[in-house]
Amino acid sequence: MKTIGVLTSGGDAPGMNAAIRAVVRTAITLGMNVKGIRSGYSGLIHDDVIDLDARSVSDIISRGGTMLYTARSKSFMTEEGMMTAVETCKKHGIEGVVVIGGDGSFRGARDLSVRGIPCVGVPGTIDNDIASTEYTIGFDTAMNTAVEMIDKIRDTAQSHHRCSVIEVMGRHAGYIALQVGIATGATAILVPELTVDLESVVKKIIAVEKTGKKHFIIVVAEGVGGVDKIAAYIQEKTGIDSRATVLGHVQRGGNPTVRDRVRATQMGSAAVHLLYNGVGNRVVAYKKGEIVDFDIYEALNMTKSFDEGMLEVAHETAI
Ligand code: ATP
């Protein structure tokens, strides 16, 4: 391939910029040209394509967000939209595309691949909810941001002898909640993968309070939600002043951590090497300490299990 495109799609994640940088510079090192497609698949519908060189991606490795912008495009999901996207690629000589995003974006990459534009997916989402990979770009930064925020909430919860019920992101998955809950010493962690049992949470708070604990952190995954109601319920049943906080989009921003920058660089580079070798319809993944790749169909059919053992560890240590 002589020219490839790169786009970011779905929710933004810290480290996407580092992945773009890796894609651009690896491609240039291998002698290819790179086009930046702005605002995800929408950029292919509206012909928003720019030239990128090594200097275009200077100073972005440390920045959150995505210099190519991201979007969710409904019109791309029609046959007409996809054919327009193919035409835009052809117009700019784009022979393959690196798609940085989540599962939905990978479905788009699969659909473009079958229409003659080979695509390689790079997992970029804070939620770590992509079955084919143990790690997604942005997960580490989002968790660290959530931990930093909850540490601050803990200070005030501790001063007032409060129970803080805090919602963290993750969409339908509880991976952020699980690790953040452990890292902040939460008394309970509620995730959508398991039945939410508020009575057990209340019992635990009461039992732990009897041992002298005066403040409590309850981490709730976005997929469970309802933190206001949960806080009100805990207050009613325990008599402990309880407050709800939704951390929200702060978790999507900020400078990417070392881990996100390094994984993003490795994955972006791997994606370009696949296209360079004429291989498309693949997704890059991180498995057992290595960067690997899978067929997109295969990857989209994989399932990810929830680490209940880790939740048990959290439960046993939060006493
Ligand atoms: P995140 O996990 O951050 O939400 P995502 O990539 O899963 O990221 P989606 O909104 O599901 O986010 O998908 C992003 C875009 O990918 C959609 O707006 C659409 O343009 C395209 N897309 C999603 N699903 C499909 C599909 N089934 N077929 C073709 N394109 C799709």
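Predicted model: local features only at pLDDT ≥ 70, side-chain atom pairs only at ≥ 80, totals over all residues.
## Helices α6 and α11

Helix α6 spans residues 175–183, and helix α11 spans residues 308–317. Their axes come within 10 Å. They cross at roughly 25°. Angles under 35 degrees count as roughly parallel, so α6 and α11 are roughly parallel to each other. The crossing is left-handed.

From α6, the contact takes in L178, Q179 and I182. From α11, it takes in M310, L311 and A314. By class, the residues of this contact are 5 nonpolar and 1 polar, with no charged residue.

## Helices α1 and α9

Helix α1 covers residues 16–29; helix α9 covers residues 258–276. The two pack at an angle of about 40°, with axes 7 Å apart. This pair is therefore oblique. The crossing of α1 and α9 is right-handed.

On the α1 side, A18, A19, A22, V23, T26 and A27 make the contact. They meet R261, A264, T265, G268, S269, V272 and H273 of α9. The residues of this contact divide into 7 nonpolar, 5 polar and 1 charged.

## Ligand surroundings

The ligand is surrounded by 18 residues. The closest are R72, S73, G102, S105 and R171.

A side-chain N or O atom of R72 lies 2.7 Å from a ligand oxygen. A polar backbone atom of D103 lies 3.4 Å from an oxygen of the ligand.

Definitions and conventions
Residues numbered from 1 in each chain as written. Heavy atoms only, no water. Axes fitted to C-alpha atoms, helices over the stretch in contact; angles between N-to-C directions. Helix = DSSP H or I, 4+ residues; strand = E, 2+ residues; numbered from the N terminus. Parallel < 35°, antiparallel > 145°, perpendicular 65-115°, else oblique. Left-handed = near helix turned anticlockwise from the far one by under 90°. Contact = heavy atoms within 4.5 Å. Nonpolar A, V, L, I, M, F, W, Y, C, P; charged D, E, K, R; others polar. Near = heavy atom within 4 Å. Polar contact = N/O pair within 3.5 Å; in protein donor to acceptor, adjacent residues only side chain to side chain.
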